[in-house]
Amino acid sequence: MSVSQTDPIIAIATAPGRGGIGVIRASGPDLRAWADALCGQALRSRHAHYLPFRNREGEVMDEGLALFFPGPHSYTGEDVLELQGHGGPAVLRRVLDDCLARGADIGLRLAQPGEFTQRAFLNERLDLAQAEAVADLIEASSAAAARSAMASLSGAFSAEIDGLSERIVQLRMLVEATLDFPEEEIDFLEKYQAADRLDTVTAALDGVLRTARQGMVLREGLHVVLAGQPNVGKSSLLNALAGEDVAIVTPIAGTTRDRVIQQIHVDGIPLHIVDTAGLRHTEDTVEQIGVERSWSEIARAQVIVHLQDARHPDDPLDADIVRRLPAGTPMLRVLNKVDLLNESAQAQREHSGTDRLDTSERIRISARTGAGLDELRARLLSIAGWTPGTESPWLARERHVLALEAARQHLLLAREHAAHSDQVLDLFAEELRLAHESLCEITGQFTSDDLLGEIFSRFCIGK
Ligand code: GDP
């Protein structure tokens with residue numbers, strides 16, 4: 001952010017729209033005199049004052065509570081004033097404008113998105129992972145995600161990272177000390193069992209990484225694309241999974257001409273499910289565009305659900321589609337409309353060996369009756385790397401997972417240096433330093449301004 005980080009700032013903190021209560025929040029290094037003048041009385045710290053909110057002309061704009069939190073014991077670490085009035089956009093705007101006008105001489109300005117939380121970070125009220133958890137808590141789309149975001153906010157994730165950093169720092173201190181006394185260098189690694197210590201730290205980091213990946217899935221969810229020929233039941237499956245009608249279902253092939261995205265939750269994990277236009281050759285230009293979009297959705301998918309009609313499991317067109325699917329993306333093969341198979345036909349098919357493709361790997365469902373949907377949901381979660389019934393103790397972001405992976409890589413390189421007889425202690429030391437630095441990126445002790453700008457600009461205004 002290019003703006004000054006010490007200007008007094010103000011914003012409406014509650015969500016836009018109408019509500020019982022609307023909160024305006026201001027923060028700055030020295031707001032006491034302004035706040036007292038605004039409220040027409042000396043505000044006691046951390047006390048709720050019920051009072052009229054008067055404008056400069058003395059007209060009462062609203063009435064409500066004023067709370068003054070002197071720094072450093074406030075959300076931002078600075079002086080904070082909160083005005084809690086009625087939650088209507090016009091009345092809040094009026095009070096805000098009046099606050100701004102009366103704060104012009106102290107340089108009061110509107111806060112940018114995330115600026116309150118950024119100050120909390122800069123004033124060391126929160127580390128970076130905790131600051132991110134504030135946004136994650138607000139954005140959490142399930143109870144499970146909210147619970148884990150709160151754990152991150154209270155520092156559970158940061159504590160893990162700090163624990164790993166601490167162990168790396170101890171090792172670094174030993175190495176750096178030895179580098180100052182080259183005659184000891186030769187037996188350093190042995191003397192301090194450096195390799196063993198390194199293995200222990202790496203194992204601990206692996207554990208954190210596993211949990212972080214779970215936390216990331218819980219936060220970000222999984223992009224699932226439903227692919228298959230027209231009329232195999234993709235829209236019906238989307239509806240069945242979503243439990244409401246989101247896509248148009250008709251018996252005429254080619255009705256889903258555009259993609260439909262629906263977010264559903266399975267075990268608290270957000271699954272972003274994309275229903276695509278049926279993959280077939282078509283002369284219809286509109287439908288063609290739909291088919292092209294389907295292929296570009298498929299290219300971006302994290303999981304592809306390839307849906308087929310259970311009555312034609314060996315349709316050559318399906319074999320074509322499967323061949324064209326990206327090789328690296330996990331795929332679930334699903335046979336739909338099992339309700340239309342009469343039992344004898346099914347038994348005959350299974351025993352006569354007419355299934356040339358191995359259908360045992362396929363999940364059998366009926367979007368109409370709901371049969372097999374639980375198994376499909378469970379398979380989707382397992383592909384996401386989610387172990388059912390577990391809870392992610394804290395929430396994590398892709399950024400955290402990447403930093404942990406980088407740290408891990410540096411620890412492995414350090415381990416290689418330690419394994420060689422011509423131990424190169426300065427290279428060993430350097431890898432430890434880099435591993436430590438990667439971990440510090442997570443909590444923000446070592447972070448570029450660009451990254452900070454990027455993180456906080458995604459917050460909502462007033463947070
Ligand atoms: P899409 O083109 O792949 O999206 O297919 P739709 O979801 O539009 O379904 C095409 C037709 O198949 C509709 O008439 C659905 O009612 C029917 N259908 C879908 N799933 C099932 C199923 O599991 N059983 C039966 N009997 N019909 C289904």
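By buried I mean under 20% relative accessible area, with exposed being over 50% and partly exposed in between, using a 1.4 Å probe and protein chains only. On that scale Cys440, with a relative accessible area of 10%, is buried, and so is Cys99, at 2%.

Please keep in mind that this is a predicted model, in which local features need pLDDT of at least 70 and side-chain atom pairs count only at pLDDT 80 or more, while totals for chains, interfaces and linings use all residues. Residues are numbered from 1 along each chain as its sequence is written, and side-chain values use heavy atoms, leaving out hydrogens and water.

Staying with the cysteines, the structure holds zero disulfides, meaning pairs of cysteine sulfur atoms within 2.5 Å. For Cys99 the closest cysteine sulfur is that of Cys39, and at 8.1 Å it is too far for a bond.

Now to the tryptophan, Trp386, which sits in the loop between helix H13 (373-383) and helix H14 (398-419), where helices are DSSP runs of H or I of at least four residues, strands are runs of E of at least two, and both are numbered from the N terminus. What is the relative accessible area of Trp386? The value is 4%, so Trp386 is buried. Leaving aside neighbours within four places in sequence, its contacts (heavy atoms within 4.5 Å) include Gln214, Asp267 and Ile269. Ile269 is 117 residues away along the chain, yet the two C-alpha atoms are separated by 8.6 Å.
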